[in-house]
Amino acid sequence: MTAFLKLGSLPLLGGNMTKKCASLKASKHKVFDVHGAGDAEFPSFLPKEVEKIKDPFARSLAKRIGRLPVQIGYSKSCIMSSCVKPLIRQSNKTTPVVLLHCFDSSCLEWRCTLPLLEEAGLEAWAIDVLGWGFSDLETRPPCDMASKRHHLYQLWKSHIRRPMILVGPSLGASVAIDFTVHYPEAVEKLVLINPSVYAEGTGHLAKLPESVAYAGVSLLKSIPLRLYANMLAFNSIPFLTILDWTNVGRLHCLLPWWKDATVSFMLSGGYNVISQIKQVKHKTLIICGEKDQIVSYKLVVKLHSELSNAIIREVYDSGHLPHVDNPKRVAKLIANFAEDDAGVDAKSPFCLAQVTASRR
């Protein structure tokens, strides 16, 4: 379990999310109705277990998940790739916001923040990284770093087609950095949330015999393990709430190709972007949770120092997934950043000193 958390965290959900999502539902009821797809049915390609999920925001966003054709390789074959498309496409003068997710997660991670971004007038996409989420991987494509990068580029080239603000939480930050270095023309700005970018790939996991790797991956999707991870990460949450969040976080694991895709990623060596960080020249917003127990704050400061044009914002009383347990704050930060109003010039000492002082 520890090894997988170092990759960038399982989608651990709970904690303040119970209170804050409840508050969001009450204060944004009209938005919830609009984005909830009314009485629409769940897409047929989702595992049937989606019907058992109780959280209204997860159910609402799940009904919006669709699949788009993305060509891979030099053949005409396509992967029907899962994502949540924006309700309204903006003009070519606006910059789309493209939301990635954590290690072994899905676009459902953005169930509370994406509607708020749309309410702010942004064109928001939530994309499933190749190998995770709800894409059709019946052909069992390779799911190494290069394949994930190429798939994201082809999706962007075919369907988004404008420089974007690319948002990557946890291991998704590594995905975003790797993509930006290889395709700088596709990215206007970066947002990195509790970025897990200093891990040297999957480490010793890449050297496991295939049979052992499959056994480990089978354990990774088990309810007891994911439930245990949630209970370690959050306190004083009703058991049934934690169980429901656990079911949301592992829903994509129930697809028949998930195990093959995850083993493919593990044995490929995973993400190692340490040497790429200083090559990023794009304006970058780093968002960190005050109570993140997975990514060291020292590494966040190190990343800030190695990026040539970056600022940091802290989300107070938030853990490793601030876009989950404080969606209003994260949506506001992203919206302001999209409008070039991050609250402080990138060249200033920022509130880095203030954030550091608050942690002493």
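Predicted model: local features only at pLDDT ≥ 70, side-chain atom pairs only at ≥ 80, totals over all residues.
Elsewhere, the structure holds ten salt bridges. Three of the residues involved, Arg89, Glu123 and Arg162, are linked in a network.

- Asp244 sits in helix H10, which spans residues 239–249.
- Leaving aside residues up to four places away in sequence, Asp244 touches Lys52, Ile53, Lys54 and Asp55.
- Side chains of opposite charge can pair when their charged atoms come close.
- A salt bridge needs a side-chain nitrogen of Lys or Arg within 4 Å of a carboxyl oxygen of Asp or Glu.

- Glu123 meets Arg89 in a salt bridge, at 3.1 Å from N to O.
- Arg89 lies in the loop between strand E2 (78–84) and strand E3 (97–99).
- Glu123 lies in the loop between helix H5 (113–119) and strand E4 (124–127).
- This pair links distant parts of the chain, 34 residues apart.
- Glu123 also meets Arg162 in a salt bridge, at 2.6 Å from N to O.
- Arg162 is in the loop between helix H6 (145–160) and strand E5 (164–169), so its pairing with Glu123 ties together parts that are 39 residues apart in sequence.

**Burial within the network**
- Glu123 is buried, with a relative accessible area of 1%.
- Arg162 is buried too, at 7% relative accessible area.
- Arg89 counts as partly exposed because its relative accessibility is 39%.

**Another salt bridge**
- Glu138 and Arg140 meet through their side chains in a salt bridge, at 3.7 Å from N to O.
- Arg140 counts as partly exposed, with 36% relative accessibility.

**Confidence in the model**
- The chain has a mean pLDDT of 85, and 81% of its residues reach 70 or more.
- Residues 11–19 have pLDDT below 50; beyond near neighbours in sequence, this stretch has 36 contacts in the model.
- Residues 342–350 also have pLDDT below 50; here the model has 16 contacts beyond near neighbours in sequence.

Note on methods. Residues numbered from 1 in each chain as written. Heavy atoms only, no water. pLDDT = per-residue confidence, 0-100. Contact = heavy atoms within 4.5 Å. Helix = DSSP H or I, 4+ residues; strand = E, 2+ residues; numbered from the N terminus. Buried < 20%, exposed > 50% of the residue type's maximum accessible area, 1.4 Å probe, protein only.
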